[in-house]
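My entries follow the structure below.

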Amino acid sequence: YTPLKHLGYKAAVVNFSDVYAMNGTPKQLTVSIGVSKRFTVEHIEQLYAGIRLACENYGVDLVGGDTSASVTGLIISVTCIGEGDKDKIVYRNGAKDTDLICVSGDLGSAYMGLQLLERERSVSRDSSDDFHPAFEGREYILERQLKPEARQDIIESLAKAGVKPTAMMDVSDGLSSELMHICKQSNVGCRIFEKNIPIDYQTAVMAEELNMNVTTCALNGGEDYELLSTVPIGDHEKIQQLDDVKLIGHITRPELGTVLVSRDDNEFELKAQGWNPLL
């Protein structure tokens, strides 16, 4: 259910996102693919059309790569080269006690888009040839899954506001997983509030329709490619004035652990249940 042009676009953009997550600027891209005989020349042209469109939109040069045969399926390997001023690069290990925790955009929408695609694909198998998937009114969550965007605009907004994050990651594996990466590498704890986690209306409606907990989807779904950052508490007013950036909690001492405060003020240990690429 993923058009190859969309797949090419996504393969490039998610790598741009990694560079933005270090407060850098993506500059060059290499793409290597392994192709089986199931794919035609036209298929590969569609894939590269998506890659080229992403490069044009973000001002990145496609500078090389390799094409080889694959026994089955399609293999895509992308490397993005970026740059940034040494004093502006942000890592995962700089978060400090009392820092504010911020996230851009909204969370869980890409995961719900995937659930919608899975459901309609399953229904189509048992339907007639004139089956039409029920996508009306759900375009946003579909786009979040099939055609994500890197948050270049947030990096520009932070710079304009004079805010340099102390730690930053993009939300590719789920908010809980990324936040715990920052806490572990910075040797700190955290406290985030369920009521502050940004969730889009379409995401909430889809979760209810599928009888899923929308907060769990936002914490663990992944593939949102929003920017999760920690900033000094002194930048509180600057952050509040930024569009599409939400304060969701704060960094604590490591002995206080990683905590999620529910809407009814109960406290739960935050656990990383998102995608683990090593399993």
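I am reading a predicted model, where local features need pLDDT of at least 70, side-chain atom pairs count only at pLDDT 80 or more, and totals for chains, interfaces and linings use all residues. Residues are numbered from 1 along each chain as its sequence is written, and side-chain values use heavy atoms, with hydrogens and water left out.

**Helix pair.** I looked up helix 1 (residues 4–20) and helix 2 (residues 41–58). Helices here are DSSP runs of H or I with at least four residues, strands are runs of E with at least two, and both are numbered from the N terminus. The two axes come within 6 Å and cross at roughly 35°. Axes are lines fitted to C-alpha atoms, for helices over the stretch in contact, and angles run from 0 to 180 degrees between N-to-C directions. I then listed who meets whom (contact means heavy atoms within 4.5 Å). Helix 1 brings residues including Leu 4, Ala 12 and Phe 16. Helix 2 answers with residues including Leu 47, Ile 51 and Tyr 58.

**Helix 4.** Which residues of helix 4 (residues 139–146) are buried? I found Ile 141, Leu 142, Arg 144, Gln 145 and Leu 146. Buried means under 20% relative accessible area, exposed over 50%, partly exposed in between (1.4 Å probe, protein chains only). These buried residues pack against helix 1, helix 3 (109–125) and helix 7 (201–209).

**Met 22.** I found Met 22 in the loop between helix 1 and strand 1 (25–35). Met 22 counts as partly exposed because its relative accessibility is 36%. Leaving aside neighbours within four places in sequence, Met 22 is in contact with Lys 88, Ile 89, Val 90, Tyr 91 and Met 168.
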